[in-house]
Each structure stands twice: as C-alpha cells, then as structure tokens.
Amino acid sequence: MAMERHFLGWTRPGLPAACDWLIGRYGVNLHNVTAVLPGGRAGRRLMELLVDAAAERGEPLVPPRIVTVGRLAEQLIPLERVADDAARALMWTQALRGLSPAERDTLIPHPPGDDDVPGWATLAAEIERLHTELIGEGVSFADVTRATDEMDAPGEAARWGVLEAVARRYLDLVASVDLADPQTARWRTLHDHAATITTDRDIVIVAAADLNKMQRQLLGAVADRVSVLVHAPEDRADDFDAHGCVIVERWAEATLDLDDGAHLRVVQRPIDQSMQAVREIASLDGAYPAEQITIGVCDDAVAPYLLQMLPGYDLKVRYAARTPIDRTGPMRLLSAAAEYIEHRRFADFAALIRHPDLRDWLLEHGAPGGGPLHADAIDTWLGLMDDYYTRHLQQRLTGRWLGDDDTRAALKAVYDAVHHAELLGELLGEPREDDDTPAARPLSKWAEPIAKLLITVYGRTPVDRTDDAGRVIIETCESVRDALAAYHRLPAGIDVELDAAAALRLVVSRVAGGFVPPEADQAAIEMLGPLELPLDDAEVCLVSGFNEGCLPESTHGDALLPDGLRAQLGVFDNRRRYARDVYAVTTMRHSKRVLKLIAGRRDASGDPLRPSRLMFAADPDTIARRIQRFYGDEGADDAASHAPARLTRWSHAAASGFAIPPVLRVKRVPEYLRVTDFRAYLDCPYRFALSRLMRLGRIDDTAAEMDAMLFGTVTHKVLQRFAVMEAAKSTDAEAVAQVIGGLVDAVIGEEFGDEPLPAVIVQREQLKQRLRGFARWQAEWAADGWVIRHAERVFSNETAGVLELGDGESIRLHGTIDRIDYNERRNTWAVLDYKTSDKAKEPGKEHRKKDGEWKDLQLPLYRVLLRSLTDARGRRVLDAAAMDTLKLGYVALPKDTRTAGAKLAKWSADDLDDAENEAKRIAVEIREAIRSGAIAEWRPQDVSTPWDEFAWLCGVGQMSPPGENGDDEEGGGDDAGGDA
C-alpha cells in the first residue's frame with residue numbers, strides 16, 4: 001500500500017495547517033501517532049499548537065510522539081548495545097591514530113602528532129560526520145573509493161582508500177567491545193531484513209522537503225502506516241515525489257515570484273542589515289506583536305549586529321544561538337586549565353586566575369590555610385601579575401620567582417592557591433621524570449577530577465536556574481557531566497591513556513558546538529537559522545544574509561567530499577540544496593504576510609559579498625535589473641544606514657559609544673616635578689595630569705617582547721654596571737664589547753629568568769649588537785680623556801634641584817642623570833643621556849620646534865640638578881665656570897651602529913636661560929590651575945606619539961584601526977628608564 005500524500009496549501013504557515021490536519025484526522029487523542037518534523041524547534045512549536053487546539057475544544061490532549069527526521073531510524077529499527085556518541089568518537093579517533101605514517105600523509109598534508117589525541121578527535125569527528133551522511137544515502141567509503149577511481153582521480157582514490165581502511169578498523173573496534181555502530185547496523189537491517197520492519201503507530205511526515213535514501217526506504221517498509229503532509233497546494237503535486245520531497249529537477253529550474261520593491265532589500269554592511277531590520281519593523285506601525293515577527297539569520301556574522309542594534313530601539317530579541325556553550329564560564333575554565341596544565345606558561349596562569357568564577361573561589365578560599373581573602377586581595381594579585389609579567393616577560397613558570405621578597409611571597413601565595421588539592425591539584429598529578437607534564441591515565445579515570453574542578457568552583461553557592469547567568473552555568477555543567485559520564489563508562493577495550501590537558505580538551509571538544517538557549521519569551525522577536533524559517537508560523541519574516549554561501553549554503557569548501565564528488569555519488573549536493581531552498585523561499589513568499597529578504601554588499605571587513613542565486617531565479621530582464629541593483633550605484637539602498645524616520649511603539653534607547661574624557665580632580669600642588677614632566681605637560685596637560693598628578697598608568701599582560709621602556713631600562717642597567725668597571729677606562733673597543741656582552745647576559749638572566757619569551761632572546765642579541773657600536777665610541781671617548789664620574793645619579797628629596805619661581809616660591813626638581821663625565825685635560829664636564837631609539841636623534845631637534853619654541857626641557861634642566869651635586873665635603877662639584885663650559889647631549893644607541901655615539905647640543909647661555917624660564921612658567925601655570933580649580937577645564941589635546949597609553953581615556957583613536965596612529969619602533973624607544 002502506498003503512502004498517502006496530503007497537500008496543506010501554502011496560504012498560511014505549515015505548522016498551523018499540520019496541527020489542523022492532525023486534529024481533524026485523529027482528534028485530541030494522538031497517542032498512536034509519531035509526528036516527524038525537520039527540526040526540534042518545529043516539533044516543540046507543533047506541540048504548543050496542539051495543546052492550544054485541544055484547549056479550544058475543552059478536551060485534554062493526548063500528545064503524539066514527536067521526533068526529528070534524523071531520529072526516524074531509531075523509532076523503526078531499535079537496537080540493543082549501541083555504541084554511544086562518546087564511545088563512537090573515541091573509536092574513530094583510535095582508528096585514525098592507528099594509521100601508518102604513509103597513510104597519514106596520504107590522508108592529510110599535516111596530520112596531528114602521535115600524542116595529540118584532541119587533534120585526532122577533531123579529524124575523527126569530521127570523518128564520522130561523513131560516515132553518517134554517506135550511510136544514510138546507502139554509500140560506503142569503499143563506494144567512494146571506486147567512484148574516485150572511475151573519475152580518474154588517483155590522489156582522491158588513494159585518500160578514500162585510507163578512509164576505507166579507517167572505517168574497517170573502526171567497525172572492528174566496535175565489534176571488539178560487543179557493541180554496534182547504529183548507522184551501519186540499521187542500514188544492514190534495512191538492506192537484508194526490510195520485511196521485518198514494522199510499526200504499531202501511524203507515522204506523519206510534516207513538510208520534510210528532503211530525505212536521505214535510508215529514511216525513504218524505511219518509510220517504504222511501513223508505507224501503509226505513513227501519511228505525508230506537503231506544505232504546498234495540490235496543483236503543485238507534480239513537483240514533489242511520493243515522500244513529499246522536492247523533485248530537484250523541477251525546483252532547480254523554477255522561478256521565484258518575488259517583487260523587487262516589496263521583498264528585496266540591498267544594503268552595504270552587516271550593521272546596515274541590522275538597521276534595515278529595524279526600519280522594516282518600524283514600518284509595520286505596531287500592526288504585529290513581537291511573537292508574530294521573526295528575523296532569519298542566514299549569515300552568522302550579522303547576528304551580533306542584530307543583537308546590539310535591536311535592543312537599542314527597545315526591541316526585545318530571542319536568539320537560541322546567542323550563547324555558544326564553548327564561551328560559557330565553565331567551558332572557558334576547563335579550556336584555561338588545559339592550557340596552563342599543558343604548557344605551564346606564565347600567560348596561561350595569568351589567564352586562569354583572571355577567570356571571574358575562579359576569582360570568586362580564590363576570594364573565598366585562596367588565603368593560606370584555605371580561608372577567605374580580603375576583597376581587594378585578588379585584584380592586587382592581578383595587578384601584581386600584570387606588573388610582574390611586563391617586567392620579567394617569563395614564558396613558563398619554573399618555580400623561580402623574580403623580583404623583591406614581597407613580590408615573590410605574594411605570587412607564591414596565589415600560585416599555591418591555584419594548585420590547591422581541591423582545584424588543580426589532582427589534575428596536575430605527579431610529573432614524569434623527563435618533564436613536568438602530568439602523568440597519563442585512562443580517559444575514564446579523568447572524569448572524576450575534572451568533575452571535582454567544576455564542583456569546587458561552581459558548587460560553593462546555590463545557582464538559580466531561573467536567572468539567566470545561573471541557567472547558563474547549570475546547563476553547561478550538565479552537558480559536561482553527561483560527557484564525563486560517557487567517558488567514565490567507556491569499555492576497557494577502547495579506553496585511551498591521556499594526560500590531564502588532553503583529557504580536558506577532549507571533554508571541551510565533545511561539549512562544544514552547542515548553545516545554551518535563552519528562556520522562552522513571547523514578547524521577544526525570534527531570531528532563527530535558515531532551516532527553521534519555512535515552518536516558522538510567524539506572520540512577518542525578515543531574512544538577513546540573503547547572500548550566496550548563506551542562502552543557499554555551499555558545499556564547495558568540503559575538503560573530503562566536494563560538490564562534484566557528491567553529485568557523482570548521488571548524495572546531498574549544491575543543486576539539491578538549491579532546489580530545497582527555492583522551495584523554502586517559495587513557501588515563505590506565499591505563507592507570510594510580510595517577507596523581506598535583505599542582502600549585504602560587503603562583510604564586516606569590507607570584502608565584497610555575492611548576491612544569493614535565489615535572487616536570480618527569474619526571467620532575464622529581472623535578472624539584469626537585480627544585477628544592476630546589487631552591483632550598481634553604491635548609494636542606491638543606503639537609506640538603511642540611517643535611523644528610522646519614525647518608530648511608533650519603540651524609542652531609540654541605545655547609549656552613545658563615545659566616551660567623554662573624565663573631569664580632572666586634583667587639589668594638591670605637587671611637591672616636586674621631574675625633569676621629564678615638562679615634556680609631558682607641553683605634549684598634553686591633560687595626559688600630564690593623569691600620569692604625573694593622578695599617578696595613573698596602564699598595566700597589562702599583552703607584551704610579547706620588551707617594549708621601548710623595558711628595553712631602555714635593561715640597557716641602562718647594563719651601562720650602569722659597566723660605568724663602575726675598569727673596562728670603562730679601556731681604549732680597546734673589542735675588550736669593551738666583550739665585557740658589555742657578558743653584562744647583557746647577566747642582566748637579562750636576572751630580569752627574565754631561565755625561560756623568557758623567545759622574543760627576549762632575540763632582543764638580547766640585538767642589544768649586544770647595538771652596544772658593540774657603543775663600545776667602539778666608548779673606547780674613542782676614553783682615549784680622548786673622558787672618564788665616567790657618575791652613572792645613574794639620582795636627584796631627589798635632599799639632593800633634589802631647586803627651581804626658583806620668581807614669586808618667592810620654589811619647587812624641587814627630581815631626575816636621574818644617566819651619566820656625568822669629566823675630561824681632566826680640558827677641565828670640562830659632560831652630561832649625557834642614553835637613547836635607545838632605533839634612529840640616532842639630535843638634542844636640538846628633540847627639544848625645540850622649528851620656530852624655536854621648546855617642546856622638551858630635560859637636558860637644560862639637568863643644569864638645575866647639577867647645582868645640588870656636592871662632594872663628600874658638601875662642596876659643589878661644578879662651579880660657575882664649569883657650568884658655563886658644560887656639555888649636554890645624548891649617547892645614541894641606534895640600530896645602525898655606525899651612528900652610535902655622543903650627539904651634543906649647541907645651545908647658547910641665553911638658550912639655556914630661556915629654557916629655565918619656560919620651566920618656571922609651566923610650574924607656575926600648573927600650581928595656579930590646581931589652586932584655582934581651573935585644572936577641571938583641561939581637555940585632551942592631539943598627540944603624535946604612538947605609545948599613548950591614555951588614548952582610551954581621552955577618546956582618541958577609537959574609530960581607527962590598530963596601528964593607524966603610529967608605528968612602533970623595533971627594540972626600544974627614547975629615554976626608557978632615564979628619569980626617576
């Protein structure tokens with residue numbers, strides 16, 4: 001007996017029509033019915049409609065069994081002792097790992113390493129997906145091998161030959177533990193014992209536009225119990241086969257009855273697509289409630305813009321894919337733990353303790369002895385970790401903490417807390433003799449310590465499932481629990497030994513890919529993927545991402561089973577997908593009161609997009625017009641870029657994304673200024689106040705190498721040690737270079753430990769090379785009679801310089817002079833500042849603009865500091881005559897070592913007096929601004945430096961791509977470490 005086809009028409013959505021058909025056929029007692037739908041959401045919605053229909057009748061509903069098309073085989077061919085998802089994934093992984101090196105190279109160009117079980121698991125998941133899809137079409141890997149051989153593609157035939165061997169190994173593993181592969185077992189049952197397949201339930205197929213071969217044959221085996229509901233009018237019956245699926249040849253050549261003005265919208269970027277959706281909703285003028293509006297998300301890249309834009313206009317949205325499970329707190333914790341356990345990198349440890357949920361646990365249990373911490377303790381740790389990393393750039397934690405005693409003690413405390421037995425202690429385990437990687441154990445034995453980690457962090461307080469954040473935690477932990485339970489019960493024959501990091505990664509990969517859906521909300525606009533749109537019963541549908549590769553999707557990117565091979569094998573290919581999507585858009589065109597298809601010209605990066613082929617399922621004149629519209633005038637549809645002219649029921653509630661620089665609140669006049677403060681003030685008084693008066697600064701752990709400041713600091717430390725050595729008097733350049741090279745190694749070792757970042761090793765050698773140029777100059781300088789008298793001389797507190805302001809008040813000047821030299825032959829002093837910038841700089845150009853205006857006062861103000869330089873008897877070292885002949889300048893240490901050496905300023909006495917007067921003016925200006933409260937009126941100025949650490953606070957560069965405001969110089973900046 002043949003299956004019955006019933007045509008529901010398409011003047012209204014398919015689910016309400018299917019609900020009416022079921023109630024009309026069976027009444028409210030559907031206990032003997034299995035309803036089969038394309039997706040889980042459609043099944044849940046059908047159940048809601050059936051409940052409502054029964055309530056209208058005043059009778060209780062006896063619900064049907066509702067399953068998805070993918071679960072149909074389970075209903076008709078139940079199996080015992082089936083390998084579950086986790087076991088199958090692991091057996092596919094083991095089958096792949098058993099390949100010989102030659103087979104691995106044949107399969108993929110760069111296979112994972114022998115011990116990279118998570119890497120093999122990722123590849124195994126892709127091969128299992130192909131196995132499932134092909135078996136559903138009655139195609140084995142051996143069939144694909146023969147097909148590729150017939151296509152004269154020897155490389156592909158060889159690769160599929162390897163996959164055929166993998167499949168055999170996999171099935172042997174399944175049989176070895178007395179289990180069955182469900183897809184293979186059901187296909188064999190269908191192929192060999194189709195007559196034994198029966199069912200005592202009526203099966204109703206609801207609007208399944210495409211079924212694979214196994215599903216078709218299963219339905220054929222019980223055809224007398226099958227009814228097929230087709231979402232189309234009966235006059236289109238010739239366009240569907242006996243199973244209610246689209247006939248590819250008919251729909252692939254069909255035209256879409258779309259009106260350009262009513263249905264199609266073409267805009268520029270993803271943000272314009274989201275704005276167009278707002279405009280379309282506004283144009284409805286409140287005629288449809290939120291539950292009757294659906295937004296289709298065919299391009300995932302548009303979803304974030306929709307989620308940001310719509311709430312800005314008080315439009316509530318619900319998106320089931322809004323929270324990917326791999327981005328939830330528990331999953332991020334497991335991933336962070338895996339990274340740290342495997343690599344023991346400093347950056348991984350810092351990332352781990354930044355996890356907000358672990359942070360909360362540390363606050364409660366991180367003190368020595370397991371007690372609670374003060375609320376500020378973890379924040380102090382985080383700042384300390386950032387500062388420590390920036391200073392020492394350690395790649396891995398080796399147990400050797402650098403810095404002062406307090407720093408070492410604080411870092412050891414947080415380190416011990418994370419290694420607590422209740423947290424990572426058991427996962428870290430006992431190290432192997434050859435390294436510090438935790439010993440391996442069977443995967444099934446890792447389930448308990450991984451679960452303990454989550455219980456420790458998330459089990460400390462009750463979590464409310466009705467709260468969004470609590471529900472995300474609970475559902476994620478439940479998913480992890482199910483994965484761990486599956487691994488815990490693995491048969492001994494397929495269990496595999498892993499270290500903790502690999503086990504964690506395997507669990508994460510097993511759970512990743514799903515979503516934690518938000519709570520149902522009838523007052524919210526639903527955002528759905530393209531496969532869910534045809535059966536959605538909302539009356540208004542706005543489809544974003546109406547572009548090629550999104551709707552319809554494409555299988556051209558399938559590396560193992562490209563579209564041409566799919567067509568050859570007769571499995572699901574692009575033509576079949578296109579026919580299905582033509583039908584889908586046709587049903588939406590007829591069943592929706594409002595349908596808008598929104599196409600974008602460019603993606604978020606500005607790269608061009610292609611229009612959907614569905615846009616060109618039309619006559620030649622219409623195709624030409626649409627091509628011109630899409631590729632023509634760039635501004636044709638840009639009205640979408642502007643906010644809606646009228647919003648009837650919603651108001652624009654989005655806050656501005658531009659930050660207003662905070663008002664300065666400084667009440668105390670500084671007791672001293674540093675000689676470098678004046679440059680900062682002249683560059684931007686606002687930033688000067690932030691850094692010097694309010695003592696703000698930026699600390700993070702993003703460094704991948706020594707920055708300009710740190711590079712300069714290391715250089716200064718090396719040269720400070722060199723200054724007091726006998727080699728500083730040598731006139732032998734090579735001997736000087738040898739001594740300095742040893743000092744570089746010593747300082748780098750002290751500052752960065754045994755395992756610094758690789759870039760630091762490179763920079764160490766770069767510094768040695770730069771200092772070879774210095775050694776040459778130093779030997780010549782010494783030969784000319786110059787001797788270093790002071791190195792890194794600090795002027796502060798009692799030794800500070802005094803700047804008389806001329807109004808009876810004064811201010812102390814602090815600073816550090818890198819080097820003070822004396823030439824006895826000439827009775828001349830020289831004050832020198834080391835410069836590690838890539839190019840040698842001239843003091844005159846660095847201190848004054850072309851018009852003579854001062855932009856830096858550092859070198860001239862060294863004269864003020866030198867007035868307080870005294871000898872052991874308290875006498876001034878430099879008298880008035882010495883000050884008149886004083887030389888001021890830089891010692892350049894650039895990339896080009898040929899230009900290394902002293903660069904002396906050529907200022908007259910009047911120039912230096914003018915600089916000192918400018919310093920007095922600035923000091924008075926700062927003092928009066930603070931006293932009068934005028935400092936609150938200071939605002940940021942434009943700056944030219946690429947190292948503007950206050951850019952975000954000042955609202956600068958927020959609309960520019962990174963790096964647009966300037967290019968970093970490799971290896972170091974100007975006067976890092978040059979003042980106190």
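**Parallel sheet and confidence of the predicted model**

In this predicted model, strand β7 (residues 293-297) runs parallel to strand β12 (residues 540-544) and is joined to β12 by 5 bridges. Strands here are DSSP runs of E with at least two residues, numbered from the N terminus, and two strands pair if DSSP finds at least two bridges between them. Within this pair, Ile293 stands opposite Val540 in β12.

The two strands belong to an open sheet of 6 strands with parallel pairing, in the order β6-β13-β12-β7-β11-β8. Because β6 and β8 (317-319) stand at the edges with a single partner strand each, one side of each has no neighbour in the sheet. On average, neighbouring strands of the sheet are turned by 20 degrees against each other, direction ignored; the axes are lines fitted to C-alpha atoms.

The protein chain averages a pLDDT (the predictor's confidence in each residue, from 0 to 100) of 89, and 92% of the residues score at least 70. Over residues 647-657 pLDDT stays under 50, and the model has 20 contacts (heavy atoms within 4.5 Å) beyond four places in sequence for this stretch. Residues 959-980 also stay under 50, with 62 such contacts. Where pLDDT is low, the predicted coordinates should not be read in detail.

Residues are numbered from 1 along each chain as its sequence is written. Local features need pLDDT of at least 70 and side-chain atom pairs count only at pLDDT 80 or more, while totals for chains, interfaces and linings use all residues, and side-chain values use heavy atoms, with hydrogens and water left out.

Terms used
Helix = DSSP H or I, 4+ residues; strand = E, 2+ residues; numbered from the N terminus. Axes fitted to C-alpha atoms, helices over the stretch in contact; angles between N-to-C directions.
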